[in-house]
Amino acid sequence: MAAVDVIVDNLVALWRISSVRHNFPWIFLLISVVGSILKELELVPQTYFSSSRNALNVYFVKVSWGWTLLLLTPFLLLSNSSFSRSITFLGRRLMSLAVATAVWYVCTETFFFIEDVSGACYENTARSVTNNEFTSKVTCRRAGFHWDGYDISGHSFILAYSALFIMEETAPMASIRTASLSALPKMVLNLLYVALNLILIIWVWMFACTSVYFHDPSHKLLGTICGLLGWYLTYRVWYLKPLSPGLPPQRHPKEQKQHA
């Protein structure tokens, strides 16, 4: 497991660079804008990732929130328990998962609602014949027709939001490395941390693919902004206040005393 330890150390060192953490959210806006321009100018050739049936999209992006929670939940429990085993403390930290899930649910449902109320059912992709019998995307598509509405990019939203969520909740790893952990919890924590960084890389890559291959520019930009707002309003506004899940712990209690 020495190789995993080296990888973890390098990843921790990378995320401890303040400029990396500070500028990471802006990368999504940059990718969204540049990718949209490239798409509109048709400057990016078609590749394996220009098909929505590519493996990363089918097995990861379409269930991206599930992957994020699957890896982040045990990591959060293990990492935060090294700071405190208080039920109240761990409960507050677990609340961040519930809050993030609520943000994901509300935003995606809002996107679906906007697409429904702004759209119409057409009998073909050319949108030459309207079918007024179906008034929602679901019923229209079940009938084999084409629904056209304002489709805010759910991919742009969830991939940006998930990546920022992972960045925030894995921050304690820099302090946990100095904490005394037994062999098995340390190994599991290291593997989860590496897996979370790998999934974060996949989210950034697929966000870039979405930007250059899919959706209209305004759909992608609005989805990206929603993802950034969801992160900012929680981790940069609400979580700084007492009545909130609070920010992930950054230092081990022993280190806090040393720096007091």
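Cys107 is buried, with a relative accessible area of 16%, where buried means under 20% relative accessible area, exposed over 50%, and partly exposed in between (1.4 Å probe, protein chains only). The model is predicted, so local features need pLDDT of at least 70 and side-chain atom pairs count only at pLDDT 80 or more, while totals for chains, interfaces and linings use all residues. Residues are numbered from 1 along each chain as its sequence is written, and side-chain values use heavy atoms, with hydrogens and water left out.

A search of the whole structure finds one disulfide, the term being used for a pair of cysteine sulfur atoms within 2.5 Å. A disulfide is a covalent bond between the sulfur atoms of two cysteines. Here the partners are Cys121 and Cys140, with sulfur atoms 2.1 Å apart. The torsion about their S-S bond is about 80°, so the disulfide is right-handed. Cys121 belongs to strand 1 (residues 120–122) and Cys140 to helix 6 (residues 137–142), so the bond ties together parts that are 19 residues apart in sequence. Helices (H or I, at least four residues) and strands (E, at least two) are DSSP runs, numbered from the N terminus. Cys121 counts as buried at 1% relative accessibility, and Cys140 counts as buried at 0%. Cys107, by contrast, is in no disulfide; the nearest cysteine sulfur, that of Cys226, is 5.5 Å away. Cys209 is buried too, at 4% relative accessibility.

The next topic is the nonpolar interior. A nonpolar core is a set of buried Ala, Val, Leu, Ile, Met, Phe, Trp, Tyr and Cys residues joined through side-chain atoms within 4.5 Å. The largest such core has 54 residues, and those with the most contacts inside it are Phe24, Phe75, Phe157, Tyr193 and Trp203. Helix 9 gives the most to this core, with 14 residues. Contact means heavy atoms within 4.5 Å. Leaving aside neighbours within four places in sequence, Phe24 touches Trp15, Ala163, Leu164, Met167, Leu200 and Val204 in this sense.

Aromatic rings come next. Rings of Phe, Tyr and Trp (its six-membered ring) pair if their centres lie within 6.5 Å; planes under 30 degrees apart count as stacked, over 60 as edge-to-face and the rest as tilted. The structure holds 20 aromatic pairs. In one of them, Phe157 and Tyr161 have ring centres 5.7 Å apart and planes at 10°, so the pair is stacked. Both residues are buried, and both lie in helix 7 (residues 154–169), four residues apart, about one turn of the helix. Ring pairs also link Phe157 and Tyr161 into a cluster whose members include Trp65, Trp104, Phe165 and Trp238.

Helix 7 itself is largely enclosed by the rest of the structure, because 14 of its 16 residues are buried. The expected span of a helix is 1.5 Å times one less than its number of residues. For helix 7 this gives 22 Å, and its end C-alpha atoms are 22 Å apart, which agrees.

Finally, confidence is described by pLDDT, the predictor's confidence in each residue, from 0 to 100. The chain has a mean pLDDT of 89, and 94% of its residues reach 70 or more. Among its elements, helix 10 (residues 217–237) has the highest mean pLDDT (97) and helix 11 (residues 253–259) the lowest (41). Over residues 252–260 the pLDDT is below 50, and beyond near neighbours in sequence this stretch has nine contacts in the model. Where pLDDT is low, the predicted coordinates should not be read in detail.
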